Amino acid sequence: MPQHEEKYCPKCRQAFTCKMGDIQNCQCSAVRLSEDTRAFLAKTYFDCLCSSCLQKIDHDVHAARAYHFPGQKEMLTEGLHYYKEGGAFVFTELYHLLRGYCCGNGCRHCVYGFGSAGDPR
């Protein structure tokens with residue numbers, strides 16, 4: 001008997017049915033992910049994600065290939081890598097994706113799922 005579990009996507013908070021006992025028929029198996037996206041997801045804290053978020057992550061990983069990580073602060077572009085809120089710099093999802101790892105500081109736009117449901121905190 002296949003196991004099904006009602007879950008909430010840790011990224012967008014939408015409800016979906018995870019068919020962990022019948023993975024071939026799970027909503028996530030219909031999403032075609034690149035090897036780059038699979039490698040990225042292996043570095044995240046996410047549990048199951050909804051198909052919409054999986055598609056968005058795959059798109060974002062692909063789109064990030066057009067950019068390079070700004071190795072020096074002079075290379076940061078406002079609106080692309082960060083925006084200002086009050087006197088603080090807030091790094092974007094693209095910045096975090098380009099960095100290539102999670103710093104573990106609970107950043108607002110963390111693409112690695114640190115601080116989301118199911119992470120170690």
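User: This is a predicted model; within it, which residue of β2 is the bridge partner of lysine 7?

Analyst: The bridge partner of lysine 7 in β2 is phenylalanine 16.

User: What makes β1 and β2 count as paired strands?

Analyst: Pairing calls for at least two bridges between two strands, and 4 bridges join β1 (residues 5–8) to β2. The two strands therefore count as paired, and they run antiparallel.

User: Why is lysine 7 called buried?

Analyst: The term applies under 20% relative accessible area, and lysine 7 has a relative accessibility of 12%, so lysine 7 counts as buried.

User: What makes the contact between lysine 7 and aspartate 47 a salt bridge?

Analyst: A side-chain nitrogen of Lys or Arg has to lie within 4 Å of a carboxyl oxygen of Asp or Glu. For lysine 7 and aspartate 47 the N to O distance is 2.9 Å, so the pair meets that condition. The pair links distant parts of the chain, with lysine 7 in strand β1 and aspartate 47 in the loop between α1 and α2, 40 residues apart. Aspartate 47 has a relative accessibility of 48%, which lies between the limits of 20% and 50%, and therefore counts as partly exposed.

User: How do you know that glutamate 93 and lysine 11 form a salt bridge?

Analyst: Their closest N and O atoms are 3.8 Å apart, and the limit is 4 Å, so this pair also qualifies as a salt bridge.

User: Why is arginine 108 called exposed?

Analyst: Exposed means over 50% relative accessible area, and arginine 108 has a relative accessibility of 53%, so arginine 108 counts as exposed. Arginine 108 forms a salt bridge with glutamate 85, the closest N and O atoms being 2.8 Å apart. Glutamate 85, at 39% relative accessibility, counts as partly exposed.

User: What makes the space lined by Lys11, Phe40 and others a cavity rather than a pocket?

Analyst: A cavity is space where a 1.4 Å probe fits but cannot get out, whereas a pocket is open. The structure holds 1 cavity of 30 Å³ or more, and the largest cavity has a volume of about 50 Å³. Its lining includes Lys11, Phe40, Asp60 and Glu93, and the largest share, 3 residues, comes from α2. The lining of the largest cavity divides into 5 nonpolar, no polar and 3 charged residues.

User: Which residues lie nearest the centre of the largest pocket?

Analyst: The largest pocket, which holds about 240 Å³ of space, is lined by 13 residues, with Cys28, Leu33, Leu41, Leu49 and Leu54 nearest its centre. Its lining is made up of 9 nonpolar, 2 polar and 2 charged residues.

Notes: Residues are numbered from 1 along each chain as its sequence is written. This is a predicted model: local features need pLDDT of at least 70, side-chain atom pairs count only at pLDDT 80 or more; totals for chains, interfaces and linings use all residues. Side-chain values use heavy atoms; hydrogens and water are left out. On a 1 Å grid over the protein atoms alone, a cavity is a set of points where a 1.4 Å probe fits but cannot get out, and a pocket is an open set with protein on both sides within 12 Å along at least five of seven lines; lining residues have an atom within 4 Å of a point. Grid points are joined across faces, edges and corners, and a volume is the space filled by probe spheres set on the points. Ala, Val, Leu, Ile, Met, Phe, Trp, Tyr, Cys and Pro count as nonpolar, Asp, Glu, Lys and Arg as charged, and the others, Gly among them, as polar. Buried means under 20% relative accessible area, exposed over 50%, partly exposed in between (1.4 Å probe, protein chains only).
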